[in-house]
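This briefing looks at a single protein chain, topic by topic, for a reader who will want the cut-offs alongside the values. Please have the sequence and the model open while reading.

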Amino acid sequence: MTREGILFIISAPSGTGKTTLSKELIDFFPQLRQSVSFTTRPMRAGEVNGRDYHFVSRETFDVMVAAGDFAEWAEVHGNRYGTALETLENARRGGFDLLLDIDCQGAAQIRKSYNRGVFIFILPPSFEELQKRLEGRKTDSPDVIGRRILNARTEVREAVWYDYIVVNEDLSVASANLKSILRAEGCRRERVLPPIAERFGISMEE
Ligand code: ADP
Ligand code: 5GP
């Protein structure tokens, strides 16, 4: 790959299908890697430390915040989540694309502090369907599901400032739309030309 790595930031209310869709993207694009966040949330059945998240105590998380280790962090549904600066740096140095599954507060912090990044918001078809998906996933108590639905009503309003919006009604359509967005972003003039302009005698000035 000759172009610089791209930072893709995906946000969605919990239960929309973000994890399912992200996995498809990671399996599809060889140059794309998933950013592994730090969290104080307890591990769910089937999750693996270091693969799904770096699971840390609240004390460790707060020490990292104080040390300036995070590019962004936020409290979501009562737990803390953060993206390490080192994760972004490794992607930049390694020249691969990075997928960040983070909430709107974190996405807004990235947008403010970096002038690069492609912001994608995934919407569920409706709040009713969102509730069904959370219940069907069987990973959260009714109490937690209630809190997530309540938060979703505020979160969806943030969709207004994202670059792209994908509605995850039919999984294969949503997945195809996301793949098109990622492909198109990789072909943007400002990403493709700089490393090869000289080879073709093209000036970067219009
Ligand atoms: P998130 O990461 O956004 O919290 P998940 O990827 O865990 O969401 O998906 C929540 C649940 O909804 C899972 O059980 C998943 O299989 C299901 N799901 C995801 N996308 C769809 C879809 N388009 N139609 C029906 N069910 C879906
Ligand atoms: P879950 O507990 O379901 O894995 O994630 C809950 C929420 O936390 C999701 O909206 C997810 O996008 C968000 N999240 C996960 N990692 C991060 C992170 O590093 N930073 C921020 N700001 N949010 C995150």
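H77 is placed in the loop between β5 and β6, where helices (H or I, at least four residues) and strands (E, at least two) are DSSP runs numbered from the N terminus. The model is a predicted one, in which local features need pLDDT of at least 70 and side-chain atom pairs count only at pLDDT 80 or more, while totals for chains, interfaces and linings use all residues. Residues are numbered from 1 along each chain as its sequence is written, chains are lettered from A and ligands numbered from 1 in the order in which they are written, and side-chain values use heavy atoms, with hydrogens and water left out.

- As background to both values, most residues other than glycine have a negative phi.

**Overall build**

- The protein chain has 8 helices and 9 strands, and buried residues make up 44% of its 206 residues.
- The radius of gyration of the protein chain is 18 Å, which agrees with the value near 17 Å that a compact globule of 206 residues would have; the radius is taken over C-alpha atoms, and the globule rule is 2.2 Å times the number of residues to the power 0.38.
- Taken along the principal axes, the C-alpha atoms fill a box of roughly 60 × 40 × 30 Å.

- L130 is in helix α5 and counts as buried because its relative accessibility is 0%; its C-alpha atom is separated by 26 Å from that of I110, 20 residues apart along the chain.
- V144 lies in helix α6 and, with a relative accessible area of 22%, is partly exposed; V144 and G78 are 66 residues apart in sequence, and 9.8 Å apart in space, C-alpha to C-alpha.

**Aromatic rings and charges**

- A search of the whole structure finds 10 aromatic pairs, where rings of Phe, Tyr and Trp (its six-membered ring) pair if their centres lie within 6.5 Å, and planes under 30 degrees apart count as stacked, over 60 as edge-to-face and the rest as tilted.
- One of these pairs is formed by F119 and Y162, which are edge-to-face at 6.3 Å centre to centre with 80° between the planes; the pair links distant parts of the chain, 43 residues apart, with F119 in strand β8 (residues 118-123) and Y162 in the loop between α6 (142-155) and β9 (164-167).
- Both F119 and Y162 are buried.
- Ring pairs also link F38, F61, F70 and W73 into a cluster.
- The charged end of R153 sits over the ring of F127, 4.2 Å from its centre, and the charged end of K179 sits over the ring of F28, 4.3 Å from its centre; the criterion is that NZ of Lys or CZ of Arg is within 6 Å of the ring centre and within 35 degrees of the ring normal.

**Pocket and cavity**

- The largest pocket has a volume of about 1200 Å³; on a 1 Å grid over the protein atoms alone, a pocket is an open set of points with protein on both sides within 12 Å along at least five of seven lines, a cavity is a set where a 1.4 Å probe fits but cannot get out, and lining residues have an atom within 4 Å of a point.
- Of the 45 residues that line the largest pocket, the closest to its centre are K18, T19, R44, Y53 and D101.
- Elements that give two or more residues to this lining are α1 (18-28), β5 (70-76), β6 (79-84), α5 (127-137) and α6, and the largest share, 7 residues, comes from α1.
- The pocket lining divides into 12 nonpolar, 18 polar and 15 charged residues, with Ala, Val, Leu, Ile, Met, Phe, Trp, Tyr, Cys and Pro counted as nonpolar, Asp, Glu, Lys and Arg as charged, and the others, Gly among them, as polar.
- The search finds 1 cavity of 30 Å³ or more, and the largest cavity has a volume of about 30 Å³; grid points are joined across faces, edges and corners, and a volume is the space filled by probe spheres set on the points.
- The largest cavity is lined by G5, I6, L7, A91, R92, F96, L98 and R116, which divide into 5 nonpolar, 1 polar and 2 charged.

Terms used:
Buried < 20%, exposed > 50% of the residue type's maximum accessible area, 1.4 Å probe, protein only.
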